[in-house]
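Here are some notes to go with your first look at this one. Have the viewer open and follow along point by point.

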Amino acid sequence: MITATDLEVRAGARTLLSAPGDALRIAPGDRIGLVGRNGAGKTTSLRILAGETEPYAGSVRRNGPIGYLPQDPKEGDLSILAKDRVLSARGLDEILAQMARQQTLMAEATDDKYRDRAIAKFSRLEERFGTLGGYLAESEAARICSNLGLPERVLEQELRTLSGGQRRRVELARILFAASDGSGKSDTTLLLDEPTNHLDADSIAWLRTFLQNHDGGLVVISHDVELLNDVVNRVWFLDAVRGEADVYNMNWKRYLDQRATDEQRRRRERANAEKKAGALRVQAAKLGAKATKATAAQQMLKRAEKMMNELEAEHVADRTAKIRFPEPAPCGKTPLTAQGLTKVYGSLEIFTGVDLSIDKGSRVVVLGLNGAGKTTLLRLLAGTEEPDLGTIEPGYGLKLGYFAQEHDTLDDAATVWENIRHAAPDAGEQDLRGLLGAFMFSGAQLEQPAGTLSGGEKTRLALAGLVSSAANVLLLDEPTNNLDPISREQVLEALRSYTGAVVLVTHDSGAAAALDPQRVILLPDGTEDHWSDEYQEIIELA
Ligand SMILES: Nc1ncnc2c1ncn2[C@@H]1O[C@H](COP(=O)(O)OP(=O)(O)OP(=O)(O)O)[C@@H](O)[C@H]1O
Ligand SMILES: [Mg+2]
């Protein structure tokens with residue numbers, strides 16, 4: 001159970017959320033969808049509910065355990081094994097390590113006294129391990145992991161060798177493992193920030209059922225409307241314009257209806273305000289003619305102005321990005337070829353002998369399950385990682401544009417402006433300002449360090465960098481992750497009209513459809529095929 005009282009959340013000078021009273025409360029059985037535009041303050045608010053940071057004002061009371069999944073994978077100790085990270089949720093990893101230590105002591109002891117002591121300690125530890133669910137818990141953890149696309153072999157790897165997506169799945173598994181302590185009932189409040197971003201359709205379906213059956217509280221931030229539809233029974237809508245949260249105690253479908261009605265009412269109110277402001281102005285002009293009524297006229301004008309300003313602010317914040325991908329620079333018939341690409345991590349073969357050639361203007365989708373090496377293939381093609389075997393040959397005039405899944409192409413310490421400057425060193429200042437404006441960055445936000453941007457804002461900035469580049473081959477790794485539905489639609493529109501070549505990795509079937517691909521590359525085999533409805537279906541289903 002979590003209750004926020006008189007909460008006020010700020011970022012810089014901006015008020016993201018002010019919620020007087022204690023309407024923001026998470027009780028057992030509440031499954032709340034926290035929604036709103038990119039940058040509205042969802043992540044910031046959830047961090048505060050989780051106790052990761054303090055609010056600007058107000059207080060948060062927490063009862064019972066909390067499982068918090070941040071939007072960005074945390075940097076922690078990366079040398080521990082994935083399996084231990086999951087088990088650590090219930091302190092089991094520590095007990096297992098101590099058991100191993102006592103076992104070594106038993107084996108090495110030359111003195112009976114020491115050996116007996118080690119044996120006694122070991123059995124005490126084993127007993128505790130058993131009480132906590134022990135060996136059963138281990139297999140339960142493994143089951144959760146496998147359902148989230150983390151097979152046995154990945155669990156034996158150190159966190160540092162995992163992809164960002166895999167690391168995030170480990171974190172999710174850890175939290176769900178902790179929340180489901182085997183007894184079937186859970187009093188954990190789950191706070192999940194975009195949990196489906198790195199999951200394939202199978203894992204999402206599993207997660208959906210898990211969350212439906214969770215009987216502690218839940219707040220989930222997601223742009224995945226299907227998940228929201230199936231899971232949530234309440235909705236908090238964070239309005240970026242008003243800096244307020246609207247609480248809807250109803251399921252997703254009814255919320256959508258209610259929102260539509262609310263929007264209509266607001267539009268009516270807006271029209272009314274406009275009319276009133278107009279009338280006030282007319283009155284003020286009449287009164288202003290008489291010296292004795294000058295003050296009243298001034299006040300009326302001010303009031304009209306204030307009304308209009310409020311409307312204007314709403315108008316600005318309601319904007320959407322106008323995104324277009326670049327006019328591709330001229331290039332030869334086949335701007336990019338690769339031969340015999342092989343990638344191995346330790347003893348783990350990701351893929352071997354992958355050949356591909358990307359023709360001018362061709363559209364290719366890379367398909368494969370979680371962990372099949374899609375991100376790795378794109379990193380190789382982008383040149384941010386070396387293949388173990390094989391070569392990549394740039395063709396005549398190749399200009400690559402790479403969108404990395406984890407926004408790796410952004411410099412977190414540099415500002416928004418410096419990042420775009422870096423992406424397009426030769427562009428004129430006005431052009432760049434215009435470009436950033438189209439991606440909805442302006443004013444003080446240009447000076448904000450990229451590292452402090454919201455997930456969706458980072459995606460927008462990275463895409464803006466691509467647009468300034470005149471690239472003729474775009475390598476896009478999950479370009480619609482993190483985007484709110486309106487911004488996502490903009491990106492899909494840009495994808496539809498781009499005339500250069502695209503290599504796309506996506507779990508988003510809408511993105512694949514928008515690309516209208518000609519070919520598909522299947523990983524890990526590297527086989528190529530013509531695109532067909534079947535492949536479209538595969539993305540939709542699994
Ligand atoms: N240090 C800072 N200075 C100014 N603004 C900041 C700072 N840190 C964060 N912000 C802004 O606060 C706003 C809220 O960010 P937050 O991450 O909470 O958004 P969000 O609703 O989770 O968005 P998304 O859907 O993109 O994940 C963003 O506009 C972000 O740029
Ligand atoms: Mg967020």
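**Notes on the model**

1. Let's start at a loop. Pro-524 sits in the loop between strand S18 (519–522) and strand S19 (527–530); helices (H or I, at least four residues) and strands (E, at least two) are DSSP runs, numbered from the N terminus. The peptide bond leading from Leu-523 into Pro-524 is cis, with omega near 10 degrees. Most residues other than glycine have a negative phi, and most peptide bonds are trans.

2. Some housekeeping. This is a predicted model, so local features need pLDDT of at least 70 and side-chain atom pairs count only at pLDDT 80 or more, while totals for chains, interfaces and linings use all residues. Residues are numbered from 1 along each chain as its sequence is written, chains are lettered from A and ligands numbered from 1 in the order in which they are written, and side-chain values use heavy atoms, with hydrogens and water left out.

3. Now the overall picture. The protein has 18 helices and 19 strands, and its C-alpha trace spans about 110 × 65 × 40 Å along the principal axes. Of its 542 residues, 48% count as buried, where buried means under 20% relative accessible area, exposed over 50% and partly exposed in between (1.4 Å probe, protein chains only). Among contacts with a separation of 6 or more, 70% link residues 24 or more positions apart; a contact means heavy atoms within 4.5 Å.

4. How do helix H3 and helix H4 pack? Helix H3 (residues 92–108) and helix H4 (residues 112–131) meet at an angle of about 160 degrees, with axes 9 Å apart. That makes H3 roughly antiparallel to H4. Axes here are lines fitted to C-alpha atoms, for helices over the stretch in contact, and angles run from 0 to 180 degrees between N-to-C directions. Angles under 35 degrees count as roughly parallel, over 145 as roughly antiparallel, 65 to 115 as roughly perpendicular and the rest as oblique.

5. Staying with that pair, the crossing of H3 and H4 is left-handed, meaning the near helix is turned anticlockwise from the far one by less than a right angle (clockwise would be right-handed). On the H3 side, the residues in contact include Leu-92, Ile-95, Leu-96 and Met-99, and H4 brings Ala-118, Ile-119, Phe-122 and Leu-125, among others. By class, the contact of H3 with H4 has eleven nonpolar, three polar and four charged residues. For the classes, Ala, Val, Leu, Ile, Met, Phe, Trp, Tyr, Cys and Pro count as nonpolar, Asp, Glu, Lys and Arg as charged, and the others, Gly among them, as polar.

6. H4 also packs on helix H5 (residues 134–147), at about 50 degrees and with the axes 6 Å apart. That makes H4 oblique to H5. Glu-126, Phe-129 and Gly-130 of H4 meet Gly-134, Tyr-135 and Glu-138 of H5. The tally for H4 with H5 is two nonpolar, two polar and two charged residues.

7. Further along, the axes of helix H13 (residues 416–423) and helix H14 (residues 429–438) come within 11 Å and cross at roughly 120 degrees. This H13 and H14 crossing is right-handed. Val-416, Trp-417, Ile-420 and Arg-421 of H13 touch Glu-429, Leu-432, Arg-433, Leu-435 and Leu-436 of H14. By class, that contact of H13 with H14 has six nonpolar, no polar and three charged residues.

8. Glu-194, in the loop between strand S7 (189–193) and helix H8 (201–213), has a positive phi of about 50 degrees although it is not a glycine. Asn-482 lies in the loop between strand S16 (473–477) and helix H16 (485–497), and its phi is near 75 degrees. Glu-194 is buried at 4% relative accessibility, and Asn-482 is buried at 9%.

9. Which residues does Thr-506 touch? Leaving out residues up to four places away in sequence, they are Glu-478, Thr-480, Ala-511, Ala-512 and Ile-539. Thr-506 belongs to the loop between strand S17 (501–505) and helix H17 (509–515) and is buried, at 4% relative accessibility.

10. Lastly, the search of the whole structure finds zero disulfides, a disulfide being a pair of cysteine sulfur atoms within 2.5 Å. Cys-145 is buried at 1% relative accessible area, and Cys-331 is buried at 12%.
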